[in-house]
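Hello,

Here is the structure I promised to pass on. Please have a look, and read my notes alongside it.

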Amino acid sequence: MDLERHGDTLTVRPRRDFNLMAVRHLKYHLDDATRVRIDLARARLVDTEAVMALHRLRAQGVEVILLEPPAIFYEVLEVLELESAFKVEQLVERERS
Amino acid sequence: MDQTLQLPNHVNVIGPTTDYAYKWGLNVGLSDKKALRLALAVDELVTDVVRFAFPGEEGSFEITFRADLSTAEVIIHEKGEPFDPSQHPYDPHRAIEEDNFEGAGFAVVQHCVDDFAFLNRGREGKEFRLVQHIESEHIADLHPTEQPDPDADREDVDYTLSAVQPSDAEDIAKLIYRTYGYTYAKEDLYYPERIERALERNEKFGVVVRSESRRTVGYFAVLRSPDSTIGEVGEAAVDVNHRRRGLMKRMLRALIDQANEQGLSGVFGEAVTVHDISQRVNHHFGMVSTALLLGLFPPERFRSLADDHTQPISIVIDFRPLIPYDTVTAYLPAPYADLLRQIYDALGVEALQRPPASAVPPREELPATTEMDARIRYTYGHVVFVVETAGQDLTDQVQQALDDLDDEDMSVACVDLPLDDPATPTATAVLREHGFVFAGLMPRFHRDRDYLRLQRPLVALDPDAITVYSDLATTLKRHILEELSWTSNDTATPSPSVPDATST
């Protein structure tokens, strides 16, 4: 997982899927970041461990932004009936800044 | 062929295992979307095993990849803490309000795959089974119309026989479609991609016949068994315009030659019992009836027959050894000894040796746990438990698996017991107490060993709709009906000895 830190913002780029291993890496490097950008351009899969991690980060008050999540991420949210609770429009950055 | 990985319960196996599942799925013919969903399902289950199956300790688990032409199956087997996913349903409100995502992984798994089964195997642990159906293009969609046959009305056509090649796949599919319409039982033959894949993988071999105009007018093939050196004579077609010209006999001779050259120890046919035509053909070519399998296939599999036959289709196993039987040592369970002896005689066994009864272990001396493989055919509605070692928990494991498969609408459950195992008579006695009855001999069916097959129908069947041809098949049918207390000339009612039978 590649990481960059700019002030309170942590940007992570999992090299593979956004799964338990990636979640553990993310938590390990989180420190006191209040904003996390997760670039999923290289991820094929986002599993429920990742979804749980996103939920918990946001519950802690961390602003989470996803870039280029794979299509299956939306499918997982739909299966878990979490689309509205996750406010996907706010969660996913449509264009790279 | 199964591919099995033994893995430690470490988080770093999740990614590589998921990657492997994805690539394997693509290789066996899944679309990218289905392979990806299978990979996600594997990710969820492996994550669950790594996190929860062995709390605070080192453990390991197995993951098996199994595929045929139409199905990709992944089996995850672990012996960790007891767990039943049905007791942990997912609740989205609980997830959001209480940060409790229990059951979320299983909800995703069930969404991602075409079939999901959880088997509790008692002391042998738990199995999670994921199944994706492999989609292919039907020949009717690829080539809805064909050119007329220039040789159709000629009597003096020269035919050429040759070994079938992967490049023949489309022509074979066309022949099947032209000959049978939508009614041929082996559905894979309507999909050129599946035929090509099977030939490339050497899962089958056979012959094709071409007419002078190079049109494919005949096809006959043997499908290799995945775990033995026998093959099923299971695919045959002759163009309607080229029948009664001896093509079937010429192909079968060539096929038997090929089977001998390829070192097969025997060939078998699965003959339907809604008529006796296939059984007659098999016997014409020297096959012997060795088993009658009740309700093995759903009637929908045989579309031409389904209108008249709405009950699951029963099958006669006809077998011809290519390597002659010599001396056979078999532990024959007493209630079936005479029948098995008759079958062995018909197969040409020169000397059947029965070890003394003292060699058979009593129940209390069986190992504590049973080692067996459940071969579940979801689309056909049957399961075969292939026993490697019969243990004291045999019936518990079988019954638990059937309970776990309750939603799958199984028609019949079978158990295969190795006849060279001293424990087989004891295991047979135990299974008989749980509603299992004789099915027959499965010669050289698993790892070239002879197996006794027992069966337990889970639906009621009309015995009068089961037509058998040979004397031996007639004897088998009579015995099986008696054992089930089913009466012929009457609609069958499951007897008290089949406690879990349900009405169709």
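Below is what I found, starting with how to read the model.

This is a predicted model, in which local features need pLDDT of at least 70 and side-chain atom pairs count only at pLDDT 80 or more, while totals for chains, interfaces and linings use all residues. Residues are numbered from 1 along each chain as its sequence is written, chains are lettered from A and ligands numbered from 1 in the order in which they are written, and side-chain values use heavy atoms, leaving out hydrogens and water.

In chain A, an open sheet of mixed pairing runs β1-β2-β3-β4-β5 (strands are DSSP E runs of at least two residues, helices H or I runs of at least four, both numbered from the N terminus; two strands pair if DSSP finds at least two bridges between them). β1 (2-6) and β5 (92-93) of chain A are the edges, each with a single partner strand, so one side of each has no neighbour in the sheet. β1(A) pairs with β2 (residues 9-13) of chain A in the antiparallel sense over five bridges, and A:His6 has A:Thr9 in β2(A) as its bridge partner.

Between the chains, A:Glu75, A:Val76 and A:Val79 in α3(A) meet B:Ala107, B:Val108 and B:His111 in α4(B) (contact means heavy atoms within 4.5 Å).

In chain B, B:Phe268 sits in strand β10 (residues 266-272). B:Phe268 counts as buried because its relative accessibility is 5% (buried means under 20% relative accessible area, exposed over 50%, partly exposed in between, with a 1.4 Å probe and protein chains only).

Best wishes
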